[in-house]
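Please look over the model below before reading the report on its helices and their packing.

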Amino acid sequence: MGENCRFISDIGASRLKPLFIAGSTVTVVFLDLAFLSERWLRHAGKLVPNKGRWDKACSVLSIIFAIAGAAGVILLSIFDTQRHGRLHNGFLAMFM
């Protein structure tokens with residue numbers, strides 16, 4: 001990447017790193033809570049129930065991948081590209 005290429009993590013890491021980490025963490029926590037609440041509401045009968053095991057399996061897998069992606073985003077916000085380039089790229093792959 002060139003010298004003029006800026007990532008949001010570069011900006012967050014340069015001046016407002018604690019706020020950037022906190023904001024990223026809050027964002028992914030609420031995203032994971034949305035996945036968990038959808039599963040719970042279906043189980044409680046408040047939403048249309050799953051049609052079969054495939055729907056339930058997809059729901060559980062989406063929660064697992066959402067948690068893994070959340071960990072990736074939090075670690076991305078901690079390990080910036082300025083000081084931890086290789087780790088940052090690894091956590092980017094984990095997030096995606």
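Predicted model: local features only at pLDDT ≥ 70, side-chain atom pairs only at ≥ 80, totals over all residues.

Residues are numbered from 1 along each chain as its sequence is written, and side-chain values use heavy atoms, with hydrogens and water left out.

The protein has four helices and zero strands, where helices are DSSP runs of H or I with at least four residues and strands are runs of E with at least two, numbered from the N terminus. Of the 96 residues in the protein, 22% are buried, that is, under 20% relative accessible area with a 1.4 Å probe, protein chains only.

Helix α2 has 28 residues and reaches 40 Å from its first C-alpha to its last, close to the expected 40 Å, a span defined as 1.5 Å times one less than the number of residues. Its buried residues are K17, S24, V28, D32 and R39, and just after α2, G45 takes a positive phi of about 85°.

The axes of the helices tabulated here, which are lines fitted to C-alpha atoms over the stretch in contact, with angles from 0 to 180 degrees between N-to-C directions, come within 9 Å and cross at roughly 175°.

| Helix | Residues |
|---|---|
| α2 | residues 17-44 |
| α3 | residues 53-78 |

That crossing makes α2 roughly antiparallel to α3, the term for angles over 145 degrees. The contact (heavy atoms within 4.5 Å) includes F20, I21 and V28 of α2 and I63, A66 and I67 of α3.

Notes. Parallel < 35°, antiparallel > 145°, perpendicular 65-115°, else oblique. Buried < 20%, exposed > 50% of the residue type's maximum accessible area, 1.4 Å probe, protein only.
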